[in-house]
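Dear colleague,

I am passing on to you the structure we talked about, and below it I have set out what was found in it. Please keep it open while you read, so that you can follow each part in turn.

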2 protein chains.
Amino acid sequence: MRISELSAASGVPLPTVKYYLREGLLPAGERTARNQAEYGPEHLARLRLIRALVEVGRLSVADVHAVLAASDNPRLPLNDVLGAAHDAVTRRAAPNRGEPAWNDARALVLDMAKQRGWQVHEQHCAALEQAADAVAAVVATDMPELYPLIDVYFEAVEPMARREVEAVLSMGSEDQIVRGVVIGTVLGESLLNALRLLAQQSVSTELLEGGEAGEATGA
Amino acid sequence: MRISELSAASGVPLPTVKYYLREGLLPAGERTARNQAEYGPEHLARLRLIRALVEVGRLSVADVHAVLAASDNPRLPLNDVLGAAHDAVTRRAAPNRGEPAWNDARALVLDMAKQRGWQVHEQHCAALEQAADAVAAVVATDMPELYPLIDVYFEAVEPMARREVEAVLSMGSEDQIVRGVVIGTVLGESLLNALRLLAQQSVSTELLEGGEAGEATGA
DNA sequence: GATAGCGGATAGCTTCACTATCCATTCCCT
DNA sequence: AGGGAATGGATAGTGAAGCTATCCGCTATC
């Protein structure tokens, strides 16, 4: 497969394919001459993965690079690949990290996690810090009615994470597991959020229109 | 409160405050002279809300504008505000919308939602389409082990959405409800994802290190 | 009455993700 | 064997986004 075919098969413009090659997201093809290279189906799969991460997962090219680099390293412990994927999905710090209000939020989240028996790596835990960002922001806007939702999220996420990790771990080869972690972390986030919104719409139609018009759209 | 105090109190650089004023995210202060204006605590709250949406929720300035415009309109039905918030959190189309594989994914999600009795507005439903994007991407990467997770997400999201809508609806004044919808939709997403990652880490440490070293970091 | 700060307008900056253009080389069809 | 198209590689340019800097004439405050 030559570069133009790779471009055609994936739907990615040829200059963009070249760009990904330059940036190291896509490994170079097998050289057959000074200015000729051969690309295989694994390049196509990789390209599709990149696009899914960028378009559906909204990762930056730099983050995709970091995730793929971690997942390409065959001697990296699985936990580090998970960490890289989490970092990519997470990396964006609110600027109030370290302020008292933020520290309180972090302590609150940490405490709730520990009460549930979660094992949290306390230092440099991107997920914990992002949770603190969100809680601190909710607190700053002064809406106590939303506080109970924190617990709702904790509750919802516990069985979910277990099923996710089990699903990924059941994938046989280390190689597949690593790919599963990346896909599952990034695309799972997008899917989960979409379904959450869908459910919200359903419930709010039910509660709001139910008493007014009663016209059920779906089901 | 003058503009420099507003900047100092919020931690937002003064030129950025001016920028938000220009863009219409922040309403102008009350003019006291040709080149003097007075800002109140509602401006400070608004500024904090903007920053939370931008930094924690990762909304673009344009999306923040759209959400705030919808929530500022006092005669807009609540469902439309919810729609605007959902759109802002959602808007990013994968370029394969309409292809057969994507249509299949959409049909699958729609079917699962209907089987659960959800009321889905079928035409132009951003959440449904985003879910289809994610499912199509998972399918394209050929990882059937992840398919059962779709159902896991459906399951998790159902009680969650109910609690969220109820929490927001319990907020008394229409005004508060609208603010709650915006905050809850955007920051809730961020928090939910962070907690999901935290739980994943906990479970994977448990399953992976549990048999090897057994050194529980947290708890 | 000096001077610091104001609002408003305009222009500039940086990053990101591409996109376009060259070039010498090579493929591949006739 | 000859010639147009495509290739890998390098370099430069583009457009959007989100600020940031500078200037201006005016005003509040000391």
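Which domains does the domain assignment of chain A give? The assignment gives domain 1, covering residues 1–56, and domain 2, covering residues 91–151. Please bear in mind from the start that this is a predicted model. Taken over C-alpha atoms, the centres of domain 1 and domain 2 of chain A are separated by 40 Å.

Let me begin with chain A by itself. Its secondary structure comes to 9 helices and 2 strands, and from the N terminus on the elements run α-α-β-β-α-α-α-α-α-α-α. Chain A has a radius of gyration of 22 Å, which is well over the 17 Å that the globule rule gives for 219 residues, so the chain is more spread out than a compact globule. Along its principal axes, the C-alpha trace of chain A spans about 65 × 50 × 35 Å.

The strands deserve a look of their own. In chain A, strand 1 (residues 30–33) and strand 2 pair in the antiparallel sense over 3 bridges, and a hairpin of 2 residues joins strand 1 of chain A to strand 2 of chain A. If you want a pair to look for, A:Ala33 has A:Gln36 of strand 2 as its bridge partner. In chain B, strand 1 and strand 2 run antiparallel and are joined by 3 bridges, with a hairpin that leads from strand 1 of chain B to strand 2 of chain B through 2 residues. There, the bridge partner of B:Glu30 is B:Glu38, which lies in strand 2 of chain B.

Next comes the way in which the two chains meet. In this model, 84 residues of chain B are in contact with 84 residues of chain A. On the side of chain B that touches chain A, two or more residues come from each of helix 3 (41–56), helix 5 (78–90), helix 6 (100–115), helix 7 (126–140), helix 8 (147–169) and helix 9 (174–209) of chain B. Helix 9 of chain B gives the most to this side, with 25 residues. Sorted by class, the side of chain B that touches chain A has 48 nonpolar, 22 polar and 14 charged residues.

The same surface serves both copies, since 99% of the contact residues of chain B recur in chain A.

DNA strand C is surrounded by 21 residues, of which A:Arg34, A:Ser60, B:Ile3, B:Ser4 and B:Ala37 are the closest. The elements that give two or more residues to the surface near DNA strand C are helix 2 (14–23), strand 1 and helix 4 (61–72) of chain A, together with helix 1 (3–10) and strand 2 (36–38) of chain B. The largest share of that surface, 3 residues, comes from helix 2 of chain A, and by class its residues divide into 10 nonpolar, 9 polar and 2 charged.

DNA strand D is likewise surrounded by 21 residues, and here the closest are A:Ile3, A:Ser4, A:Ala37, B:Ala33 and B:Ser60. At least two residues of the surface near DNA strand D are supplied by each of helix 1 (3–10) and strand 2 (36–38) of chain A, and by each of helix 2 (14–23), strand 1 (30–33) and helix 4 (61–72) of chain B. Helix 2 of chain B provides the largest share of the surface near DNA strand D, with 3 residues.

With best wishes

Terms used:
Residues numbered from 1 in each chain as written. Chains lettered and ligands numbered in written order. Predicted model: local features only at pLDDT ≥ 70, side-chain atom pairs only at ≥ 80, totals over all residues. Near = placed C-beta within 6 Å. Helix = DSSP H or I, 4+ residues; strand = E, 2+ residues; numbered from the N terminus. Domains from an automatic or database assignment. Contact = placed C-beta atoms within 7 Å. Nonpolar A, V, L, I, M, F, W, Y, C, P; charged D, E, K, R; others polar. Pairing = 2+ DSSP bridges. Rg over C-alpha atoms; globule rule 2.2 N^0.38 Å.
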